[in-house]
Amino acid sequence: MSPPSSSTPAAPVSGNVVAIKNFAFAPAALKVKAGTTVTWTNQDTDAHTVTSAGSGGPLRSAALSTHATYRYTFTKPGTYHYLCTIHPFMTATVEVT
């Protein structure tokens, strides 16, 4: 089975943990209920950030070194797009219901 093409969004995965590895957020699409705290953990040797796409978004991590974590509690429903400001090709979403 071949991996989905980059133009096909992945189906959202339930859970509250996102791994940052191989210059990607895994899962790239996460679905959580309002009130859930999501934890990102950097598993790469390079630093990465978790930053809302566009201005005014709630996600604003510092540069995360290897094994560092960032947590955010989503309180409002919506779809939150984010990226790594150091490597802007790294993008993902959190869908809050």
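Modeller: Let us begin with the chain as a whole, where buried residues make up 38% of the 97 residues. Please keep in mind that this is a predicted model.

Biologist: What makes a residue count as buried here?

Modeller: A residue is called buried if its relative accessible area is under 20%, whereas exposed means over 50% and partly exposed lies in between.

Biologist: Why is Y72 called partly exposed?

Modeller: Y72 has a relative accessibility of 22%; buried would require a value under 20% and exposed a value over 50%, so Y72 counts as partly exposed.

Biologist: Which residues does Y72 touch, leaving aside those up to four places away in sequence?

Modeller: Y72 touches T36, T37, V38, W40, P58 and L59, and a contact here means heavy atoms within 4.5 Å. Y72 itself belongs to strand 7, which covers residues 69–74. The C-alpha atoms of Y72 and N16 are separated by 10.0 Å, although these two residues are 56 apart along the chain.

Biologist: How do you know that strand 5 and strand 7 are paired?

Modeller: Two strands pair if at least two bridges are found between them, and strand 5 (residues 36–42) is joined to strand 7 by six bridges in the antiparallel sense, so the two count as paired. One of the positions to look at is T36, whose bridge partner in strand 7 is F74.

Biologist: What makes strand 3 and strand 7 edge strands of their sheet?

Modeller: The sheet is open, with four strands in the order 3-2-5-7 and mixed pairing. Strand 3 (24–26) and strand 7 each have a single partner strand, so one side of each is left without a neighbour in the sheet. On average, neighbouring strands of this sheet are turned by 20° against each other, direction ignored.

Biologist: How many bridges join strand 4 to strand 1, and how many join strand 4 to strand 9?

Modeller: Strand 1 (residues 13–14) and strand 4 (residues 29–32) run parallel and are joined by two bridges; the criterion asks for at least two, so this pair qualifies. Within that pairing, S14 stands opposite K31. Strand 4 and strand 9 (residues 91–96) also run parallel, with four bridges between them, and A29 stands opposite T93 there.

Biologist: How many helices and strands does the chain have?

Modeller: The chain has zero helices and nine strands.

Definitions and conventions
Residues are numbered from 1 along each chain as its sequence is written. This is a predicted model: local features need pLDDT of at least 70, side-chain atom pairs count only at pLDDT 80 or more; totals for chains, interfaces and linings use all residues. Side-chain values use heavy atoms; hydrogens and water are left out. Buried means under 20% relative accessible area, exposed over 50%, partly exposed in between (1.4 Å probe, protein chains only). Axes are lines fitted to C-alpha atoms, for helices over the stretch in contact, and angles run from 0 to 180 degrees between N-to-C directions.
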